[in-house]
Amino acid sequence: MENVLNRPKPNNLIRYGLKDNVVQWNLSGEELQKITIEKGMGRETSNGTLAVNTGKFTGRSPQDRFLVQDEYTSKVWWGKINKPLSPENFDLLYDRVTAYLSGKEIYVHDGYVCAYPEYKMDVRTITEYPASNFFVKNMFLRLKEEELENFEEDWLVLCAPGYSEENPEKYGLRQGNFSILNFTRKIALVAGSAYTGEIKKGIFSALNFILPLEKNVLPMHCSANVGKDGDTAIFFGLSGTGKTTLSADPQRKLIGDDEHGWTAEDVIFNFEGGCYAKVIGLTEENEPDIYRAIKPGALLENVIFKEGTGDVDYFDGAITQNTRVSYPIDHIENIQENSYAENPQNIFFLTCDAFGVLPPVSKLTPGQAAYHFISGYTAKVAGTEAGITEPVPSFSACFGEPFMPLHPTVYAEMLSKKMQESNVNVWLINTGWSGGPYGVGSRIKLKYTRNMISEILNGSLQDVDYETHPIFGLKIPKYCHGVPSEMLNPINTWLQKGLYIQKSIQLAHSFHLNFEKFAEKASKEILEGGPPIDEHHKISSDF
């Protein structure tokens, strides 16, 4: 018989296959922090923030992510990203995990995702570790006390970091840890990893499949904010491109920093109730909102303390470069109250181009927008991964390929349709290098990027003259207030013009090669949105 603490009357865990547990229900952040420290699983910083170490895994393990293959998942884009697992193997693994958790003290959190009421999805999360529950309390939207009384989940998350499967091959796994989505049983099963991002991205991936198919809602891996006049802006971008930084604007209210839906009713809404931000190299000057959000109620992961103190050294990546903090969104002062707003007027695709080839700002046609959305380009720079000594192109479809169960063209065509219906402007913003590639040129100053975005948001770039980039076909403004004009066309910043042309052609061909796997299902308009170089590498005389 289970020993239950703080349990709402109608609930029990027997139906999940859990037996003889001490169950901690819907604890506060303060209670979870206290338990974590008492169990020796974390420590407090000098300002009272909880810090934990996630152990072996300090990031997601994408090769160990599976979707249960059954009738419901017939439209999944199976392949390298979306790997199938049989329902029978899922059932066996679920039973093994629940047997492992039975008899242990476990933690239950009831919350929901999707801030727009019509698409609300209730989620019950059962975790082995108190810190995992703390994370979920921060990241999912929080219910009122009276709503907890008769809570019934739409989805269940079961997280057992301490379980490692001894015979992975027997159950169709690669190794002992795994993250599995079962859409028919509506369960996300995470085991063998204490990295909390597995929980967040599991539910995000589920929404990326459910919302387009069942609700005609476009799910987006993006941040979003809204101005005083109700003008919404969306920021797509991979890690390191400035998505969180550029959407945190003191003149605009933050809707959310990572995951949103775009509805048929012309509403942009946040999936989450919190933020999960990188903190490597964090300073108050560069990231004031994130820096000030790190206070009691936040959760730091894999940070290093300055020796003999309770102060965090945000520049120390000894454990990982992927140091993180999760915090409730209301730790940010300037937030949109309901976490949703009306149609966007501007969409920004952020890329950190370490080749120094792409313009710092350019305007996209609908076809180009769909092409660049499917491509999801940025570049890895030397030192970010072992063996990388010069820039390497990196593509992640829809700026979130690891979380997209459907074919990328499905999301791209939804985006194109919505962009055209709402007459939204789409911009490609390069936050990377100018004047040459990484190691030669210099990183584009944050103040210049902020100026470009401000000029777009206030409408100033609608009335300036544009020129067309001859290799990428992008429209480049000839003037932008607060930005040196010679920077706007990147060839002007290179000493060796011929080398710039060569690098531009190389990068353009990288785009084409990456897009080959999508071409069969892409429309003519999308295909024509790519770099318009021909097979003989001819360059327009515009250069």
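I looked up L300 and its bridge partner in β22, and found V325. The model is predicted; I take local features at pLDDT of at least 70 and side-chain atom pairs only at pLDDT 80 or more, while totals for chains, interfaces and linings use all residues. Residues are numbered from 1 along each chain as its sequence is written, and side-chain values use heavy atoms, without hydrogens and water.

**Sheet.** I followed β19 (residues 299-301) to β22 (residues 324-328): three bridges join the two strands, which run antiparallel. Strands here are DSSP runs of E, at least two residues, and helices are runs of H or I, at least four, numbered from the N terminus. I then traced the open sheet: five strands, in the order β3-β4-β19-β22-β18, with mixed pairing. I count two strands as paired if DSSP finds at least two bridges between them.

**Helix on the sheet.** I checked α1 (residues 29-38). Helix α1 lies across β3 and β4 (50-52), at about 45° to β4. Axes are lines fitted to C-alpha atoms, for helices over the stretch in contact, and angles run from 0 to 180 degrees between N-to-C directions. Contact means heavy atoms within 4.5 Å.

**L27.** I found L27 in the loop between β2 (22-25) and α1. Is L27 buried or exposed? L27 counts as buried because its relative accessibility is 5%. The cut-offs are under 20% relative accessible area for buried, over 50% for exposed, and partly exposed in between, with a 1.4 Å probe and protein chains only. I also noted Y107: its C-alpha atom is 8.1 Å from that of L27, although the two residues are 80 apart along the chain.

**K201.** I placed K201 in helix α5 (residues 197-215). K201 is buried, at 10% relative accessible area. Leaving out residues up to four places away in sequence, K201 touches R60, H221, D258, E259 and F403.

**R324.** I placed R324 in β22. R324 is buried as well, at 15%. Beyond four places in sequence, its contacts include Y195, Y276, K278 and L300.
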